[in-house]
Amino acid sequence: RLAALAERLDQELLQELAKPRALARSSPSLCPLTPRAPRHIPGRLDPAAPWGRFLLPPEPPGAGPAAQNPLGGPGGSEDGARVLVTGLHACGDLGPALLCHFARSPAVAAVALVGCCYMKLSSAPEQQQQQQQRPGYPLSASVAALPGHQLSYRAREAACHALEEYQARLRGGSAHLRAHCYRAVLESLIRAAEPGKRHLGLQPGRRAHTLSFTQYAQLGLSLAGLDPEGVPLDSGAVGAMLEQQHKVVAFCTLGQLLAPAVETLILLDRLLFLREQGFHCALVPLFNPRFSPRNLVLVASRTPLDAALAGLARDTEDGHSSEDEDVEEAETPREGQNPQ
């Protein structure tokens with residue numbers, strides 16, 4: 001479904017890019033774009049599979065034979081070239097899977113990764129239960145050796161939010177803040193009806209703040225697999241909880257204040273994982289976080305990054321550029337050290 005949507009958006013973009021071509025014919029000084037649409041291949045990634053079988057068909061395991069990796073075999077792409085693996089908002093364990101694949105596959109020359117949905121990362125105990133090769137967090141031996149490095153679901157979930165957007169809502173007294181209280185009350189109702197239901201990731205709608213709580217709860221309970229008719233939504237207890245919105249907002253604000261520290265720990269863990277194996281890596285603040293809160297890109301290569309990052313400039317709203325603040329690469333391997 002997402003691949004079909006992406007293909008439609010590709011065609012719309014190509015149509016927009018084609019419009020300046022008529023102008024370019026009348027103005028030879030203009031260089032028209034001649035883009036080619038990307039090829040979208042739905043599938044699952046198997047972190048334990050070799051490069052040639054890394055990409056699997058979207059069906060569940062056992063539903064059919066594994067598909068060949070469209071990028072080719074051990075040599076890289078179909079024409080034998082090495083490849084750059086890019087993860088844009090790679091959800092949960094997808095980010096660590098791409099990094100591990102880069103680390104063990106010479107066909108991948110470099111990786112550029114933007115993570116998201118940190119609450120979906122598997123931890124070490126979960127990794128043992130699921131018999132995975134490596135947990136999503138921690139990846140590095142350095143962080144795994146730190147006392148108290150474990151991160152709760154709540155901490156990892158908070159690290160995914162947009163701090164700048166939340167700050168603007170606080171200053172403006174936005175009605176969007178009502179949704180936090182709605183979600184907290186809904187969680188209480190779900191736990192009371194069925195204690196085993198936790199961290200369901202419900203999304204009753206992007207405009208939840210415009211609904212009454214009864215409307216919101218009916219949508220949320222249905223998504224949770226519960227019958228809204230069997231849960232009292234207009235009781236005095238529900239009303240009392242809704243009156244505590246200021247406390248819910250205060251709690252969420254404290255979480256937002258700690259969120260950057262949690263995200264930093266997760267991203268540094270990934271950088272240290274690559275550094276421990278001798279790869280060249282850096283965390284680059286590629287753009288203003290007001291454009292997208294996940295603005296830190298982890299880049300890694302088998303060769304030094306200095307040349308690739310030398311021309312990188314980042315303009316922010318206050319007019320400063322990253323040229324004023326050198327992007328420092330993580331410690332490079334010592335002479336003679338094998339980056340493999």
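Let's start with two strands. S5 and S6 run antiparallel, and six bridges join them. One of the pairs puts proline 285 with leucine 296 in S6. A word of caution before I go on: this is a predicted model.

Now widen the view to the sheet. Four strands make it up, in the order S3-S4-S6-S5. The sheet is open, and its pairing is mixed. Which strands stand at the edges? They are S3, residues 83-91, and S5, residues 280-285. Each has a single partner strand, so one side of each has no neighbour in the sheet. From one strand to the next, the twist averages 15°.

Next, S4 and S6. S4 covers residues 108-116, and S6 covers residues 296-301. They pair in the antiparallel sense, over four bridges. Look for alanine 112, which stands opposite valine 299 in S6. Then find leucine 113, whose bridge partner in S6 is leucine 298.

Is S6 enclosed or open to the outside? Five of its six residues are buried, so S6 is largely enclosed by the rest of the structure.

Helices pack on this sheet too. Helix H3, residues 94-104, lies across S3, S4 and S6. H3 runs at about 165° to S4. Helix H11, residues 245-276, touches S4, S5 and S6. The direction of H11 makes about 160° with that of S5.

The largest pocket holds about 2,100 Å³ of space. How many residues line the largest pocket? There are 39. The closest to its centre are Glu157, His161, His180, Leu202 and Gln203.

Which helices supply the lining? H6 (153-158), H7 (163-172), H8 (178-193) and H11 each supply at least two residues. H8 gives the most, with six residues. By class, the lining has 19 nonpolar, ten polar and ten charged residues.

On to the backbone. Most residues other than glycine have a negative phi, and most peptide bonds are trans. Here are some exceptions.

Take the peptide bond between tyrosine 137 and proline 138. This bond is cis, with omega at about -5°. Proline 138 sits in the loop between helix H4 (124-130) and helix H5 (141-144).

Now histidine 89. Its phi is positive, about 55°, although it is not a glycine.

Cysteine 117 is in the loop between S4 and H4.

One more residue, threonine 303. This threonine lies in the loop between S6 and helix H12 (306-309). At 46% relative accessibility, threonine 303 counts as partly exposed. How far is threonine 303 from cysteine 281? In sequence, they are 22 residues apart. In space, the figure is 9.5 Å, C-alpha to C-alpha.

To recap: an open four-stranded sheet with mixed pairing, H3 lying across S3, S4 and S6, H11 packed on the sheet, and a largest pocket whose lining takes six residues from H8.

How values were computed. Residues are numbered from 1 along each chain as its sequence is written. This is a predicted model: local features need pLDDT of at least 70, side-chain atom pairs count only at pLDDT 80 or more; totals for chains, interfaces and linings use all residues. Side-chain values use heavy atoms; hydrogens and water are left out. Two strands pair if DSSP finds at least two bridges between them. Axes are lines fitted to C-alpha atoms, for helices over the stretch in contact, and angles run from 0 to 180 degrees between N-to-C directions. Contact means heavy atoms within 4.5 Å. On a 1 Å grid over the protein atoms alone, a cavity is a set of points where a 1.4 Å probe fits but cannot get out, and a pocket is an open set with protein on both sides within 12 Å along at least five of seven lines; lining residues have an atom within 4 Å of a point. Grid points are joined across faces, edges and corners, and a volume is the space filled by probe spheres set on the points. Ala, Val, Leu, Ile, Met, Phe, Trp, Tyr, Cys and Pro count as nonpolar, Asp, Glu, Lys and Arg as charged, and the others, Gly among them, as polar. Buried means under 20% relative accessible area, exposed over 50%, partly exposed in between (1.4 Å probe, protein chains only).
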